[in-house]
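Reader: Can you walk me through the charged pairs in this one? Keep it brisk.
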Amino acid sequence: MENLFNGSKKISQKDLAAFNMIGDGKDGEIYKVADDKVVKYFFKEETHGRELEAMKIGQSSTIMPRLYEYGDNYIVMEFIKGISLARHMKRHGTINEDMTKKILFVLDEFKKLGFTRWDTEVRHMLMDENGDFKVIDHKRAFTSDSPVPTKLLKGMDKFGLTKEFLVHVKNINPKLFNAWKKHK
Ligand SMILES: Nc1ncnc2c1ncn2[C@@H]1O[C@H](COP(=O)(O)OP(=O)(O)O)[C@@H](O)[C@H]1O
Ligand SMILES: [Mg+2]
């Protein structure tokens, strides 16, 4: 595969000037660099290192965007074309059983990958064109310790959908439901 940044160790804002910024957060900026690729440009190398580690380990899972290329302050990864769980909730005002199963699959993958954070944000779960979730922003995968998806539940609260979700969880996986209840 052709290297976008010629294997540079570091890139600067200048190298990104030609691309469109499609997202930004506290830790970096995301630019669309090809039809199917984005680059995440990190403000801090420490954050970059933590996210890269999680992304490398996560390559064995379908929930992780493909990792294409990286240096010390950037990661080129798969562009996930789709809407976030947050937007889905806003648009549909409901979380059905099928959606709940997909969310539980994601959380179970975190566990299987050895992440210590079994949680994410509703804005970081992106549903692709096949209806499968891909999760972005993994810098806390090993630095948080979350057996209960507190952030996710909080994100659902905003749309009044936590209860609905938990009813499905209880039906699908009562053991998991009880484990969450115990930790609360
Ligand atoms: N692989 C991706 N595909 C599509 N959109 C993305 C991708 N990565 C990031 N984004 C967009 O950019 C935003 C910020 O990315 P994120 O990784 O959360 O940055 P930060 O670490 O600064 O919070 C996301 O909320 C999302 O809208
Ligand atoms: Mg983020």
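Author: A term to start with: buried means under 20% relative accessible area, exposed over 50%, and partly exposed in between (1.4 Å probe, protein chains only). By that rule Asp27 is buried, at 16% relative accessibility. This is a predicted model, where local features need pLDDT of at least 70, side-chain atom pairs count only at pLDDT 80 or more, and totals for chains, interfaces and linings use all residues. Residues are numbered from 1 along each chain as its sequence is written, and side-chain values use heavy atoms, with hydrogens and water left out.

Reader: How many salt bridges does the structure hold?
Author: Twelve. A salt bridge here is a side-chain nitrogen of Lys or Arg within 4 Å of a carboxyl oxygen of Asp or Glu.

Reader: What does Asp27 pair with?
Author: Lys139, with the closest N and O atoms 2.7 Å apart. Lys139 lies in the loop between β8 (133-135) and α5 (150-157) and Asp27 in the loop between β1 (20-24) and β2 (28-34), so the bridge ties together parts 112 residues apart in sequence. Strands (E, at least two residues) and helices (H or I, at least four) are DSSP runs, numbered from the N terminus.

Reader: Is Lys139 buried or exposed?
Author: Buried, at 7% relative accessibility. Lys139 also bridges to Asp137 at 2.9 Å, N to O. Asp137 is buried too, with a relative accessible area of 17%.

Reader: Which residues are in that network of salt bridges?
Author: Asp27, Lys40, Glu51, Asp137 and Lys139 are linked.

Reader: New topic. What does Lys10 meet in a salt bridge?
Author: Glu45, at 2.9 Å, N to O. Lys10 is exposed at 51%, while Glu45 is partly exposed at 40%.

Note on methods: Chains are lettered from A and ligands numbered from 1 in the order in which they are written.
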